[in-house]
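Have a look at the sequence and structure first.

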Amino acid sequence: MRVLVVDDHPMWREGVRADLEREGEFLVVAQAADGTEGVRAARAHRPDLVLLDLSMPGMSGGEAIGRLLVEVPAARVLVLSASGEAPDVLDAVKAGASGYLLKSSTAVELRAAARQVVDGEPVFSPTLAALVLGEFRRVAAGAPTDGRPAGGHDPARLTERETEVLRYVARGYPYRDVADTLVISVRTVQNHVQSIFRKLQVSSRYELMRLALERGLDQDRAHPPPG
Amino acid sequence: MSTPTQAGRRARVLAGAASRPGALLAGVLVVRWCVLAWLVLLVVLGDGRLHVPSGLVAASVTATWTLLLTWRRPPWSPSWLGADLALCAALLVVAAVAPSLATVYPVAAAVTWGAVAGARAGTVAGAVLGAVYVTAHVIEGLTLAAVDESVLDVAGDSFSLVLAGAGVGLVSTLVQRSEAAVRAAEGDRLRAVERAARLGEREVLARQVHDSVLQALTLVHKRGRELAAQPVVGPADVQGLADLAATQERDLRELLLRSRREEPAPAPAGAGHAGASLRQRLLAAAAARPGLDVQVSTVVDRLLPARLVSEVGAAVEECLSNVERHAGTRSVWVFAEDEGVELVVSVRDDGAGFVLDEARMEAAGRMGLRGSVVGRVGDLGGRVEVRSTPGRGTEVELRVPLPVAGAVGHDGARG
């Protein structure tokens, strides 16, 4: 598996590379120190997995992820956060990250998360579940999220089942226990989680599309195209 | 050096103070009294030229007005200014009819207009008064065309009214402008002092934290070398190292975040706030147990009643203490959700679990859960549910009724 590591601390980049390459599963094909370099490296090396630090100066995490996925749509993004600050992590996931890991995670945890993400399974920690719960609640209440205007389009809503799954994950239940409690299979739980992620990303993509359309329409009105 | 709050307060007071020409108006008031005394003297001495009844009336009205001004110290709104002008115009009419030095008092009106509203207003007031004076004299038989001494007197008096109004108005404007400049400079200076004090405080704090972080790093270094020299290393030793690092990491990050946002240190609990942050309380409970890896996740957007937060926090601490004692694991998840009518808090560990045999528990003296947790939650009108499976961990769920949304404030820390 080919990996791109984006982090502004050389010490961390080296550490992550050592952890990933220890078992021979992963190969770090490129490193970058900020979002712009990362996008360039992605274009050049086309990695399968991108590990991105959230607390870099310059381009925000969400923006970097958006651009990276435009360059290499098939890549998966796993975000590394030193602190798990809520808005940054949510933005990252909405922009297309498959989950986040605290930087204080062990090498074993890192490799397991990387493997999971490459397989297409989001890394869904209890803290992230709580953040997502909060986000959907705000969307459902019609409250503005991140200062963007509320309503306007049909916001993606969670089903009852999906909300239940979210709640159990937020309480710290591993998928197996969620499955047992809800009397469904682990596979079903995973499907629910993927659906939740998709809804989160779709709702943010709708928002971006809508804003882009609005801006486009405004421009047309101000400068009507010739003819 | 003054504290940041003192300096800040002074800066704000200065910036907000209205610009009133107070000193000028006080001076005018003194002049009014002097002239009034002179007027009264004239009436009393009974100058032959004075028409006594009108003089008396004029003196008493003027005295009443001056008394009112001294007692009420009015804000000199347009109505007050108009009244003053009217009175003085009337005085000038009287003066034209019954000559006396009643022309001195009306200058006060022109001067007050100038002091309050600037040179233009002062000129207008003076011009109005002058016009009234001249007109009154003309009506009384003064022939302007004659250009004799009396005409020159009247003209001079009218002119000096205009001059006085304009002159004092100009002075007032200049004084106010310079006062404003001084105030702005003073405000800037105080704000700079406040910032310096705040930065000073933060530096002290930063130094303290950096000190303790350096100490911790040295300790980690030392312990690391010691452990490396041991033939056999226990997990507990190494975990101790990790915990030490984690605590310092958290402290330092909190300081950095706070300084980035330029926030003051958090107010102590119960500092008269209407509500409290449950998230902060739960994070504090987690921090108090370095022997556990506690993940706190909250879906609570608003501040909750302080007592509820405090009691729930204490109950969660009890649960954590229980986990540390009995569960045999380090991993704990604390989850809180505001369900509108109820607050749900879950404390879950992935430890040994147990069979819920209350009789056996009581016998073994494991009253921790029942005692304070159930007691506290019960006092809040809520209930506790415990779920456990041997080998698959334990979950303690607290449900507490909540006041109606909107009754308390907003919790900025989300997630």
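## Starting at B:V312

B:V312 sits in helix α9 of chain B; helices (H or I, at least four residues) and strands (E, at least two) are DSSP runs, numbered from the N terminus. This is a predicted model, where local features need pLDDT of at least 70, side-chain atom pairs count only at pLDDT 80 or more, and totals for chains, interfaces and linings use all residues. Residues are numbered from 1 along each chain as its sequence is written, while chains are lettered from A and ligands numbered from 1 in the order in which they are written.

Is B:V312 buried or exposed? B:V312 is buried, because 24 other C-beta atoms lie within 10 Å (20 or more make a residue buried, 12 or fewer exposed, and anything in between partly exposed, with C-beta atoms placed from the backbone). Setting aside neighbours within four places in sequence, B:V312 has contacts with B:L278, B:V345, B:L398 and B:V400; a contact means C-beta atoms, placed from the backbone, within 7 Å. B:V312 and B:V400 are 88 residues apart in sequence, yet their C-alpha atoms are 8.6 Å apart in space.

## The chain B sheet

Helix α9 (residues 306-327) of chain B packs on a sheet, touching β2, β4, β5 (342-349) and β7 (394-401) of chain B, and its direction makes about 15° with that of β5(B). For such angles, axes are lines fitted to C-alpha atoms, for helices over the stretch in contact, and values run from 0 to 180 degrees between N-to-C directions.

The sheet is open and mixed, with 5 strands in the order β2-β4-β5-β7-β6 (chain B); strands pair if DSSP finds at least two bridges between them. Because β2 (293-299) and β6 (383-388) of chain B each have a single partner strand, they stand at the edges, and one side of each has no neighbour in the sheet. Neighbouring strands are turned by 15° against each other on average, direction ignored. β2(B) runs parallel to strand β4 (residues 331-338) of chain B, with 7 bridges, and B:V296 has B:V334 in β4(B) as its bridge partner.

## Where chain A comes in

Chain A also reaches this sheet: α6(A) packs on it, touching β2 and β4 of chain B, and its direction makes about 5° with that of β2(B). The contact between the chains takes 13 residues from chain A and 13 residues from chain B. On the chain A side, helix α6 (residues 126-140) gives the largest share, 7 residues.

## The chain A sheet

Chain A has an open sheet of 5 strands, paired in parallel in the order β2-β1-β3-β4-β5. Its edge strands, β2 (27-32) and β5 (100-102) of chain A, each pair on one side only, and the twist averages 25° from one strand to the next. Strands β1 (residues 2-6) and β3 (residues 49-53) of chain A run parallel, joined by 4 bridges, and A:V3 stands opposite A:L49 in β3(A).

Terms used
Two residues are in contact if their C-beta atoms, placed from the backbone, lie within 7 Å.
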